[in-house]
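Student: I would like to go through this structure with you, one question at a time. Could we begin once it is displayed?

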Amino acid sequence: MAVYVNILGAGLAGMTAARTLAKNNIHVRLFSVQVSQRAQSNLAEGGLNAALNMMGEDNDINQHFEDTMKGGCYIADPDMVKGLCEGAPSIVDEMKRIGVPWHMEDGHIIQRPFGGQKKRRTCFCMSSTGKILTTASIDDTRKYEDSGLIERYTHHKFAGILVKNNKCIGIKIYDNHEGTYNNYSGPVIICSGGMNGMFPSITTGTTSNTGSVTAMLYNSGVKLSNLEFIQYHPTTVKITDKRMLISEAARGEGGRLCYLDGETKVYFMEDKFGERGNLMPRDVVSKEMAMLNKKTYLDMTGLSNDVWNNRLKDLRDEIIDYLNIDPANELIEVAPGIHYFMGGIKVDINHETNIEGLYAAGECAAAYHGANRLGGNSLLGAIYGGKIAAESIIKALDKYDDNSGLNEFSDDLNENIFINEEEKSKDKVLTGILIKSMGIIRDETSLNLGLCELENIESSNASFEFKSRLNLAKAMIECAINRRESRGAHNRTDYPESNDSYKKPTTVSLVNNEIIIE
Amino acid sequence: MKKILHIKRQLNSNSESYYEDFVYESDNENATVATALLTTPVIWEHSCLQKKCGACAMVINGKPALACNTRLADIDCEIINIEPLQKFPVIQDLRVDRQIMMDKLKELKVWLESDSNKGNENISYEASRCLECGLCLEVCPNYYMDGKFGGMAAMTPLARIIDKASKDQRKELKKNYKKGVYNSCGKSLACIDICPAKIDIDKLLVKSNAAAIWNRWNKE
């Protein structure tokens, strides 16, 4: 019987993994709660980094590597980051071949400057790069759906992994339309996105990325990493139910951050860091804004008509639509909002987790970004990670041709898995504690207080999902307590300096209901 | 501001529908139908909440719209009638099954058979913006679920492929475009006004018609 690979999540990472397998004639089941058009990948805006050296700046792969390592405060695995940066140029090319209209001038791809990067290396499609890449990927994935190699299971939701002797032999899935559970055998790639739902309403992400998949995996023995590193994007605005991203491209194309002293604009980032102050890495900018504790504005009034018409038209339309302000003429009030999770499922260079046969890629995996992700590296990380996870399975395919063992899970299909209506109010308390405790600036007293409040949430008869979310929340705070230094997106007032003894990733696991941090 | 959400509910696809009212009160003048629905136990699809994903398409006071793009303050009456899209089977409450849109794209072979090295970047960008929300099909007088017509939800992605495809793929694309779009479009163009992404449908239609109907393809 042929091996089927089970992929959970149909955003860019999931679709890339699926196509990589299908191109090698391997059958794939692609599970997702909603269709790919609804995935968070569609919301990525500014671009994708690759050292193509299109701008005549002697931009090479080593510099992309060095910027990424430095941006992540040197705790990402250098071998993994090297692979990412080396793989980037061919990803730009592959996306072009499936029809992505990269911004071009005179027949050449144009690259824009982005935060934390010395050279211009961000390829883009206006300010809708994620949407455009996702559309092209959806169309290309459809080709393999037609040939039968990729089977889509839309409206299907994760209910658990099936593990035997520390080997993942399949996945348990709930069909939202039919109301039924099914077990599927084969290796599993998790591409479930970031943990936005642990911080609802203060993130730029989607409501579909609840964080529950990561939580349930953690509760099932999967190790997580770097949960303390949460990216607050400096330029977000509050809209009704969430925070809306104002792409870093706004600053890449000349936008400036300021506060007002009377009627005078004070460009505080430029004053402190010089000409490239607005494009410091996101952790630096957000920290400065938090310390400043003043109303902060994005000044895009100096951008040329060419930039507005050819590079940021979509961003301008969106701002006018939601804020009723034309950024070409007026300042936009901005504040940091949660945008990305550097931490997540711990993976090795093959994107395999601590459980054999279980892989993770995309934002759900802690892979390339260390303590702070550079703009333009998330779309890259999603596509590259999906590809590597799939290639790793291809190399190890012989290990997965045994479908026995699934039977013993067959009776295990109707337990109390998902959050119920009653638990939703408890979940609100839980997320409220996280929002309060895991801000940009932290200290041990308030982190301990948050942990104590989480301990008081009753969960003895709770669903698996709620229990898992509670355990994940505790793990996040424990990781933040444990890192007694300031590094990247983790800022401690009680330990304001970085400390070399912490210059390594954090690993957290749940063993016999106890949190173990390595 | 006080609004009464008069919502058409249905336990599952086989059960009878009924209406239930929910009161929503807020002084947030930017609150949308999505904001209000998030406070109810009603089942509906949502994801980005900023009209970038097309999940929350429904019928609001008789008009198909995205819930996240409909401000409560812009609705004059206190009672707001909310129903699922009518052209798709209801799964539960406001959640419908839009799989037929994806099936149609597969049937019309909306993908590139070989590497692309041509095409108009503006056309490709514009066509890539389609949310596949289904609002254009909901308002289209020519679209029926069991018919051959794919509507603008098929035309838009197809426009990207027509623009990019190599010579070898043209014959089949021409056939599929005629069958799935051109022959059945009655040119009511109600889709243009309803599209939440404000896609320039006219431009895409002109370009695709020129290529697939009048054989004025892009040069290799």
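Student: Into which domains is chain A divided?

Tutor: This is a predicted model, in which local features need pLDDT of at least 70 and side-chain atom pairs count only at pLDDT 80 or more, while totals for chains, interfaces and linings use all residues. Residues are numbered from 1 along each chain as its sequence is written, and chains are lettered from A and ligands numbered from 1 in the order in which they are written. With bounds that come from an automatic or database domain assignment, chain A is divided into domain 1 (233–337) and domain 2 (414–517).

Student: Which strands of chain A are the edge strands of the open sheet of 5 strands?

Tutor: The order in this sheet of chain A is E22-E20-E13-E25-E26, with mixed pairing, where two strands pair if DSSP finds at least two bridges between them. Strands E13 (residues 224–225) and E25 (residues 507–511) of chain A run antiparallel and are joined by 2 bridges, with Ser225(A) opposite Thr507(A). Those that pair on one side only are strand E22 (365–366) and strand E26 (514–517) of chain A.

Student: Is the crossing of H2(A) and H3(A) left-handed or right-handed?

Tutor: The axes of helix H2 (residues 61–71) and helix H3 (residues 78–97) of chain A come within 9 Å and cross at roughly 135 degrees, the axes being lines fitted to C-alpha atoms, for helices over the stretch in contact, with angles from 0 to 180 degrees between N-to-C directions. That angle makes H2(A) oblique to H3(A), since angles under 35 degrees count as roughly parallel, over 145 as roughly antiparallel, 65 to 115 as roughly perpendicular and the rest as oblique. A crossing is left-handed if the near helix is turned anticlockwise from the far one by less than a right angle, and right-handed if clockwise; this one is right-handed.

Note on methods. Helix = DSSP H or I, 4+ residues; strand = E, 2+ residues; numbered from the N terminus.
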